[in-house]
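Here is a friendly briefing to read alongside the structure. Keep the viewer open as you go through the points.

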Amino acid sequence: MNQRTLVPLVDLSEQSEPEYDHVTENIGLLPTNRPTNMDSDQENRPLLQDRHQPFNYFPDDVEYSRIIELAEQTIEQGIYPERIHQGSSGSYFVKSPDGKHIGVFKPKDEEPYGHLNPKWTKYMQKICCPCCFGRGCLILNQGYLSEAGASLVDQRLKLNIVPRTKVVRLSSTTFNYTAIDRAKSKTKMNITENFPQLARHFHRVGLPPKVGSFQLFVEGYKDAEQWLRKFETDPLPTSVRSGFQYQFEKLVVLDYIIRNTDRGNDNGCASLRQILCRHLFGAASSTSSRNWLC
């Protein structure tokens, strides 16, 4: 059998020492402003919610965290969120201890096509008219992420037309739960009252918290449909109309960027307070920074 001879790819005997002169001369061409650990952490941080970060905790928004904490304390005091009758999904007005609205919570599983949607119209549409079931561009049961994403895009572009919205977890007896969840919660409550030693092994006693979007409630805003009807009989002055149109155009730009295909007069709110202050006094009102909200 013929023996194979191994031919080295590089002749090590004739190889000279590496020259580093040209390397040292070009070191100055390398970028010196490398990203720090802080910059890399911000780039790698999730935009909506870090899976390792506890829910309802937002270190970069202390005011929002305080409102969520207030909502949780209010529910524990027995002042439960109130279901909104309008719309095609299960959404709720969240209140403060004095009964004022502080936010709107939309659970994931109570969205228009969620399995726990308390409004049966969408369920009947899915069963009876499957060919007209929703829009092809939508991903089912992801509306709560779209709500938070719209707020995030609004903040990044500094449009100031969307109330702050984030993904949170809340539980309340007024939410729509399955019969099994309510029975389990009731059983655990009875065991806790009668056998407190055994109840120590429970991970949770009450109803399971629901994931959804929580949008801050704003005062002094009305449905856009009411304003548009009023403008038909009582037109705005030219200067006020141009300012209102500018805000509306920002809303159109935002809808185009986030691909919102569900914009209508019934899901937008408007307020002319700031525009009127600019028109009458030549300055913006210090109590309001928005005049159109979606």
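This is a predicted model: local features need pLDDT of at least 70, side-chain atom pairs count only at pLDDT 80 or more; totals for chains, interfaces and linings use all residues.

The protein has 294 residues, of which 30% count as buried, and its secondary structure comes to 10 helices and eight strands. Five of the strands form an open, antiparallel sheet in the order 1-2-3-5-4.

**Overall picture**

- The accessible surface of the protein is about 20800 Å², and carbon and sulfur atoms account for 54% of that area.
- Take the contacts between residues at least 6 apart in sequence: 65% of them join residues at least 24 apart.

**The sheet, strand by strand**

- Strand 1 (82–83) and strand 4 (165–170) stand at the edges of the sheet; each has a single partner strand, so one side of each is left without a neighbour in the sheet.
- Two bridges pair strand 1 with strand 2 in the antiparallel sense; Glu82 has Phe93 of strand 2 as its bridge partner.
- Strand 2 and strand 3 run antiparallel and are joined by four bridges, with Lys95 standing opposite His101 of strand 3.
- Five residues separate strand 2 from strand 3 in a hairpin, and Gly99 in the turn has a positive phi of about 90 degrees.
- Strand 3 is also joined to strand 5, by five bridges and again in an antiparallel arrangement; here Gly103 stands opposite Leu216 of strand 5.

- Helix 3 (residues 62–76) lies across strand 2, strand 3 (101–107), strand 4 and strand 5, and it runs at about 30 degrees to strand 4.
- Helix 5 (residues 143–157) packs on the sheet as well, touching strand 3, strand 4 and strand 5, and its direction makes about 140 degrees with that of strand 4.

**Aromatic pairs**

- The structure holds six aromatic pairs. One of them joins Phe58 and Tyr64 edge-to-face, at 5.2 Å centre to centre and with 85 degrees between the planes.
- Are the residues of that pair buried or exposed? Phe58 is buried, with a relative accessible area of 4%, and Tyr64 is buried too, at 0% relative accessibility.
- Phe93 and Phe217 have ring centres 5.9 Å apart and planes at 85 degrees, so this pair is edge-to-face.
- What does the pair of Phe93 and Phe217 tie together? Phe93 lies in strand 2 (residues 92–95), while Phe217 lies in the loop between strand 5 (210–216) and strand 6 (222–223), so the pair ties together parts that are 124 residues apart in sequence.
- Phe217 has 31% relative accessibility and counts as partly exposed.
- Phe58, Tyr64 and Phe214 are linked into a cluster by ring pairs.

**Lysines over rings**

- Tyr64, a member of that cluster, has Lys166 over its face, at 5.6 Å from the ring centre.
- Lys210 has its charged end over the ring of Tyr177, 4.7 Å from the centre of that ring.

Methods. Residues are numbered from 1 along each chain as its sequence is written. Side-chain values use heavy atoms; hydrogens and water are left out. Rings of Phe, Tyr and Trp (its six-membered ring) pair if their centres lie within 6.5 Å; planes under 30 degrees apart count as stacked, over 60 as edge-to-face and the rest as tilted. Buried means under 20% relative accessible area, exposed over 50%, partly exposed in between (1.4 Å probe, protein chains only). A charge sits over a ring if NZ of Lys or CZ of Arg is within 6 Å of the ring centre and within 35 degrees of the ring normal. Two strands pair if DSSP finds at least two bridges between them. Contact means heavy atoms within 4.5 Å. Axes are lines fitted to C-alpha atoms, for helices over the stretch in contact, and angles run from 0 to 180 degrees between N-to-C directions. Accessible areas come from the Shrake-Rupley method with a 1.4 Å probe; for residues, only the protein chains shown count as cover.
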